[in-house]
Amino acid sequence: MEEKYIICEDSLEGIFTAVYDAYALREGHEHIHIQVGEDENYRLFAVYLHSIADSGKTEKVIRTLKNRLGEEVYLTLCQAAASCEPDRGEAVYRTVVDGVTDRHGRRTMENLRNPYVARCFALARRTANEAHHEIEFLRFGELERGALYAVIGPENNVLPFVMPHFADRLSVENFVIRDEGRDLFGVHPAGRPWYLVSGLEEFTEENFAWSEGEECYRELFRLFCGTTGVRERENRKLQRQMFPLRFRDYAVEFAGGTEREP
Amino acid sequence: MEAKIAPQTSVMEKLKILADAAKYDVSCSSSGSSRRNDGTGIGNTLAAGICHSFAADGRCISLLKILFTNECIYDCRYCINRRTNDVPRASFTPDEVCSLTMEFYRRNYIEGLFLSSGILYSPDYTMELICETLHKLRTVHRFQGYIHVKAIPGADPALIQRAGYLADRMSVNLEMATAEGLREMAPNKRRSNILKPMRQIQNGIAQNQNELTLYRHAPRFCEAGQSTQMVIGALPESDYQILSVAESLYDKFSLKRVYYSAFVNVNGDKSLPAAESGPPLLREHRLYQADWLLRFYDFRADELLTKEKPNFNMEIDPKADWAVRHLEHFPVEVNSADYKMLLRIPGVGVKSARRIVAARRFGGLTFDDLKRMGVVLKRALYFITCGGRMLYHTKIDEDYIVRNLTYQNRMGRGEKLPFMTDGTAYRQMSLWDYGAASG
């Protein structure tokens, strides 16, 4: 039998719609694959189907996943779908098949013997780890009128997993987090629910001015970071391992000079 | 009191002096309490804790770790802030501490405040200042983030009680593993004085647990428990002594953490180990590894060390060391061994042991599966079988395994140490060396 490739949009909605379409074909799952975005090279003798993201189908898939697999597995699938790896669609799809069709339910993610579940698990873990890194390392600056603004540049699409943390912590603050690479903004108005928007030109940091005290606190924190290390124990290798270089451009203590490496 | 605080000192200078004075305190964790924001101020806490940055020594910066004052009436030999040292002195005001904490916190620089202090005038006086600061932070600023505070030994129990209701974690430093050691190093401190507030906090937490069972919204006392720290390598105590003390602290005082601090001879004391060889980092590392074995792997101190063998093997880690000395338990069949035995296999951690137990319900596991689950096969392969087979043709022989493990270490392919294997810190040309070379 010929292999069928379902090509979907690069978003949670796109992947879940493709999963719906794969089930709707009713041809079993052995020869069906999901691919996020167009392939560079087309395969011989394969059939390519295009799937268009659909909120109705997505909702049905989400409802089924939550009912049959539970919230925890659902969250893991979302994290895997937010990964930047090209095989994320296939990993999520095969894991759903393993969980729903083989009825592993809430234990789905424990079946690490299945290579797709293991892959999905690894992708989700990578996204979760990066989200945690952003929670640790992103730095807000205070704008003129008191709102907070932060920029991040993650590899995976972690903003949806970062926002709930700050929305709870800084519930009384107005803040915006911008994902540079995806041109995505997480917006939190004080005391109200947060939301994501994209393509807001006027929201980029060039259009804002920092508040008066901002530079002073940055300087204080740089001073603190420079002071609190014990000189006799200096260990730049360990520091680099714990605070990877790619996050440092966004952290005030490294951007300003005192903590910069020689 | 005002006379002691030079009025012209700016917050910048104070922070420099008082962060510098606090840096030898090890604890910087923000874990152990889980609290959501209530909508009236900023802050929440996560059970796992969050690090926000890492200093040049590779240690995490989670809390704004400062002393309230570095004035001190005591004269401890290991301490940079002792009375007889000629160092610049400064003190914060409660308001300065509050605004620094709040402004750092909202910018996501820190997870909360770590407030310690030298002894200004008397323990009571100092503890009262600390309480006032915390009270202001919690009530005026409605700060709901993490607070770690030192209980000052000798302070009025009522003040310690008050601080406990304001903080997430409290700690009293044991300083030295033995009472004699403490007498030698800190002539003004007494062991009994340190254990008293420790016991008080333990009882406070236990009592609070009972209150919380009855009244869900009762105020929380030290939700994240208490911790302590010991200086390692200043006096000739053995690892066995240190680990036994740590074990009894966990057992009898229900501590959350015991921290070990490799001794740095900050005062240039000739009678104490010199600073040139660097602090004993490898020894500290081995103690932390053993400490983890006590807390999460169900080991006892006297399984790891004995009076006859009182110090850790510097070549291989404590768990592998135990395993090669108890080869009668190995090899372990991964598909059938119980969880506790899985935990004792070198190369298998708490997470991978849990994954193994969960995954093998679905069918037999292979070595590839184990690798995907995070098992470090290059260490585990000497001790396990999968479906009755070992990975390679290896011998169950102590010398053979030790030779292989240490060979891997020497080749840089074995145990990952956070520093060079000679026990000194990993040192490359640093900013300071550059300064010295060019200046």
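Me: At what angle do helix H6 (residues 214-228) of chain A and H1(B) pack?
Reply: This model is predicted, with local features needing pLDDT of at least 70, side-chain atom pairs counting only at pLDDT 80 or more, and totals for chains, interfaces and linings using all residues. Residues are numbered from 1 along each chain as its sequence is written, while chains are lettered from A and ligands numbered from 1 in the order in which they are written. Helices (H or I, at least four residues) and strands (E, at least two) are DSSP runs numbered from the N terminus, and axes are lines fitted to C-alpha atoms, for helices over the stretch in contact, with angles from 0 to 180 degrees between N-to-C directions. The axes of H6(A) and H1(B) lie 9 Å apart, and the packing angle is about 25 degrees.

Me: Is H6(A) roughly parallel or roughly antiparallel to H1(B)?
Reply: Angles under 35 degrees count as roughly parallel, over 145 as roughly antiparallel, 65 to 115 as roughly perpendicular and the rest as oblique. The angle here is about 25 degrees, so H6(A) is, relative to H1(B), roughly parallel.

Me: Which residues of H1(B) make the contact with H6(A)?
Reply: Two residues are in contact if their C-beta atoms, placed from the backbone, lie within 7 Å. H6(A) contributes A:Leu220, A:Leu223, A:Phe224, A:Thr227 and A:Thr228. From H1(B) come B:Met12, B:Leu15, B:Lys16, B:Ala19 and B:Asp20.

Me: Which helix gives the largest share of the side of chain B that touches chain A?
Reply: The contact takes 42 residues from chain A and 57 from chain B. Among the elements that give two or more residues to the chain B side are helix H2 (94-106) and helix H1 (11-22). The largest share, five residues, comes from H1(B).

Me: Is A:Tyr20 buried or partly exposed?
Reply: A:Tyr20 is found in helix H1 of chain A. A residue is buried if 20 or more other C-beta atoms, placed from the backbone, lie within 10 Å of its own, exposed if 12 or fewer, and partly exposed in between. Because A:Tyr20 has 19 C-beta neighbours inside 10 Å, its class is partly exposed.

Me: Which helices do the buried residues of H1(A) pack against?
Reply: Helix H1 (residues 12-24) of chain A has 13 residues, and its buried residues include A:Ile15, A:Phe16 and A:Val19. The buried residues of H1(A) pack against strand S1 (3-8) and strand S2 (32-36) of chain A, and also against helix H2 (55-81) and helix H3 (88-101).

Methods
The expected span of a helix is 1.5 Å times one less than its number of residues.
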